[in-house]
Amino acid sequence: MDIKTTIIKFQSIIALFVLCVVLALMSDKFLTMENGWNIMRQISVNVCISVGMTLVILTRGIDLSVGSILAFSGAVAAGLLKFGIDMPSLNLYIGFTVFGAILGGFVVGGGLGLFNGWMITQFKVPPFVATLAMLTIARGATMLWTGGFPITGLGPNFAFIGTGWFLGIPMPVWITVIVVAIAVVITKKTKFGRYIYAIGGNESAARLSGLNINKIKIWVYAIAGILAAVGGIILTSRLDSAQPNAGFSYELDSIAAVVIGGTSLSGGRGSIMGTVQGALIIGVLNSGLVLLNVSPFWQQIIKGFVILIAVIMDRVNHPNED
Amino acid sequence: MGEENIILRADNITKKFAGVTALNGVSLNVHRAKVNVIVGENGAGKSTLMKILSGVYPEYEGTLLLNGEKVNFSSPKEAMKSGIAIIHQELNLIPYLSITANIFLGREIVDSFGMLDFKKMNQMAKALLTRLECDVPPTTLVAKLRVGQQQQVEIAKALLEDAKVVIMDEPTSAITDAEVEVLFRIIATLKKQEVSILYISHKLEELFKIADRFIGLRDGKMVGTIENVSQAKKEDLIRLMVGRDIKNLYVKEDLPLGKEVLRVEGISLPKHTIKSEYLVKDVSFNLRRGEVLGIFGLMGAGRTELLETIFGLHSKTMVGDIYIDGQEIRITSAMDAVANGMGLVPEDRKADGLVLQMPIFKNISMASIDQIVKNGLLNSGLEMDLAHKYIGNLNVKTSSPGQKSENLSGGNQQKVVLAKWLATTPKILFLDEPTRGIDVNAKNEIYHLINNLAKEGLGVLVVSSELPEIMAICDRILVMGTSRITGEFSQKEATEDKIMNAAIL
């Protein structure tokens, strides 16, 4: 491998490194253990969502509904934990443990993702439209479920997920690392992962090779939904509160992480680790700009340009893709 | 024929693509205000010639003379300005714009305020349509028109630029019989208006109705003309198209045949748009182990659609029965087809055969990935073994199995597609134009490979529009006319004339 291809391959890591060096020189608070864990904790939700988003984008799809699904599944978990299912007319009351409530959140997230996949494969609704519809459906459902008010006071056991430490590492970081590790194995080492790349690379060839395109796509959207639920539970736990407007516009941060990480929106090319690097770049940049007292307005402008630069670099390196 | 009657002259035109000679010193004349028909098999060089005449390919050897003056078009737009327009087989219209907007696309008329002058453009469009006997209002969206009417819009576009030569590439392939009648009337009218027509078609019957003269192309060379159409017979035309010297062509080994592996009965596929018309109509045949069965047909005969139908790609609209090893099988998707031991090497390997950005080894294992899974995970050792095995067996020329498929030559890409299917150890292999666009050596390798597969007991179905190929590699040849089987020949009885005669039925 010559120098040029090496640089291209590791360009996100190099960018991340340069960014850290610059920020460390500019602020003495940047390169501290505390700030490091802070950044990691902050990006954990985005990484979880973005792993799902990566899978979806690899199949040449998109999922705009992850922010809303995050809010709804977080709210469901919080609601089940706090109130259980209480139907006096039926003389029915079911209480939920922390574990049960979380499972409930996963079922909701996975179910909504499944619905996305069903719309996209059976009714040929374009992914952009199907998940845009889900974006508002799940947001509306969150409002209905919460009545427009936060669900708070979820207890120390639940709070441990978002705020606790285990073996000197924050719990959200543990969860994120596990999610990433599983996703890396799935994409690199399983048949399912290979098929995801094949579908995004050339759906027609994949179909003619006898792949069950619909089944794979439905699973991908379901996984994106479950990972949105994981993010929702981390966020709810960290805030000790399920906010009705939680996760608002998270889908955009997630797409940004995927794109900065070098995954092609035309499908078939990209990686989970690229996305992790993309999310780290965004997280480090956010943290650094805050430490440097850059106004939030400027932060948004800078983030926009970072996305553009990342995509232009990608274009330069892959000039033949449409 | 005096010089003044020749509007366009091609002189010694040669065109090569990456070492393949598509046209070899072709010289021909287009006569003024006549319908000049070019005939030739697929691959004879007709399309290449049309693309040179209409400015699509600006680079070639030789000269073009328009009205006796040397021209060299750098783009279709420039050719159009000089009065040469082409009506492509696939129409190039924008569906959700009006007829007027399509006709004037790129040359809109504006008023003194810089706004589009709809009134004037609609008037002019209306006049053009009237000239073409088309009574649809020019404000109609193109999407609402039938294909025949869309074609008329294309012709109107050409007439707006005052085209002197109109090239028509298979204009009747997608339109109904009634629309063909209208088209022929339009062509007659254009002739009266001193427009010269250069016409390509495979449908010999219709050619006798409209042709003023025939020009024969074969293997990239001009082989002759027939000037006196009224005296000509169909046989003369076929001789002009085929009649080649057969020289050192590969000939398939005679192998003993095994039991029947595939039988289809009454396969039909209605057209998407018009349910009473068929892409494939009532096709039945059988295929035995160790047999190479050829399906010959001209463009648009329904060969590809037949393969796709059997392979389960049109399961919602098709009718007919499929038997594998004597058992009736329902095939509702490519998945079912693969599970039942079939493989399909598609006509367009880049669009449908390969995931181009994936390395060779991933393409090879694509359809049979279970054999490289160990403990639930992909095993790269097994995968590499598989890749090396087929790269060796098929003689794929590559630096390593990790090379991206898009960087391979056409012949090697085709071998990778074949490898993908062989890795599934299929019983039945469908090959759709297996040697299209690949060089002579790779062609020969693929012929030998097909022979070896038959020897191993596979049933092989080859669709091809190249006569010498199909005659050389097949034990038996079915000929498809328009959507139906119109002939069946054993390798021994097959001749080019017989096959071509059946193909134009």
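Student: What makes B:Lys415 and B:Glu445 a salt bridge, and how far apart are the closest N and O atoms?

Tutor: In this predicted model, the closest N and O atoms of B:Lys415 and B:Glu445 are 3.0 Å apart. The term requires a side-chain nitrogen of Lys or Arg within 4 Å of a carboxyl oxygen of Asp or Glu, and the pair is therefore called a salt bridge. B:Lys415 belongs to helix H14 of chain B and B:Glu445 to helix H15 (residues 440-455), 30 residues apart. Helices (DSSP runs of H or I, at least four residues) and strands (runs of E, at least two) are numbered from the N terminus.

The conventions are as follows. Residues are numbered from 1 along each chain as its sequence is written, while chains are lettered from A and ligands numbered from 1 in the order of writing. Because the model is predicted, local features need pLDDT of at least 70 and side-chain atom pairs count only at pLDDT 80 or more, whereas totals for chains, interfaces and linings use all residues; side-chain values use heavy atoms, with hydrogens and water left out.

Student: Why does B:Lys415 count as buried, and why does B:Glu445 count as partly exposed?

Tutor: Buried means under 20% relative accessible area, exposed means over 50%, and partly exposed lies in between (1.4 Å probe, protein chains only). B:Lys415 has 2% relative accessibility and is therefore buried, whereas B:Glu445, at 25%, is partly exposed. Elsewhere in chain B, salt bridges with shared partners join B:Arg303, B:Glu347, B:Glu433 and B:Arg436 into one network.

Student: How do you know that B:Arg107 and B:Glu161 link distant parts of the chain?

Tutor: Their side chains meet in a salt bridge at 3.2 Å, N to O. B:Arg107 sits in the loop between helix H3 (99-103) and helix H4 (118-131) of chain B, and B:Glu161 in the loop between helix H5 (147-160) and strand E7 (165-169), 54 residues apart. B:Arg107 is partly exposed at 21%, and B:Glu161 is partly exposed at 28%.

Student: Why is the pair of B:Asp325 and B:Lys427 said to tie together parts of the sequence?

Tutor: The side chains of B:Asp325 and B:Lys427 form a salt bridge of 3.0 Å, N to O. B:Asp325 is in the loop between strand E14 (319-324) and strand E15 (327-329), and B:Lys427 in the loop between helix H14 (410-422) and strand E19 (428-432), so the pair ties together parts 102 residues apart in sequence. The structure holds 28 salt bridges over all chains.

Student: How many salt bridges are found between chain A and chain B?

Tutor: There are two. One of them joins B:Glu383 and A:Arg194, whose side chains meet at 2.6 Å, N to O. The interface also has 10 residue pairs in polar contact, both residues at pLDDT 80 or more. A polar contact is a pair of N or O atoms within 3.5 Å; within protein, one must be able to donate a hydrogen and the other to accept it, and residues adjacent in sequence count only if both atoms are side-chain atoms. On the side of chain A, the elements that give two or more residues are helix H8 (171-189), H9 and helix H10 (203-208); H9 gives the most, with six residues.

Student: How much area do chain A and chain B bury between them?

Tutor: The value is about 2,000 Å², 59% of it on carbon and sulfur atoms. Buried area is the accessible area (1.4 Å probe) that two parts lose on being put together, summed over both. In chain A, A:Lys189, A:Arg194 and A:Leu208 lose the most area to chain B, together 36% of what that side buries.

Student: Why is helix H9 of chain A called largely enclosed?

Tutor: Eight of the 11 residues of H9 (residues 191-201) are buried, so the helix is largely enclosed by the rest of the structure. Among them are A:Arg194, A:Tyr195 and A:Ile196.
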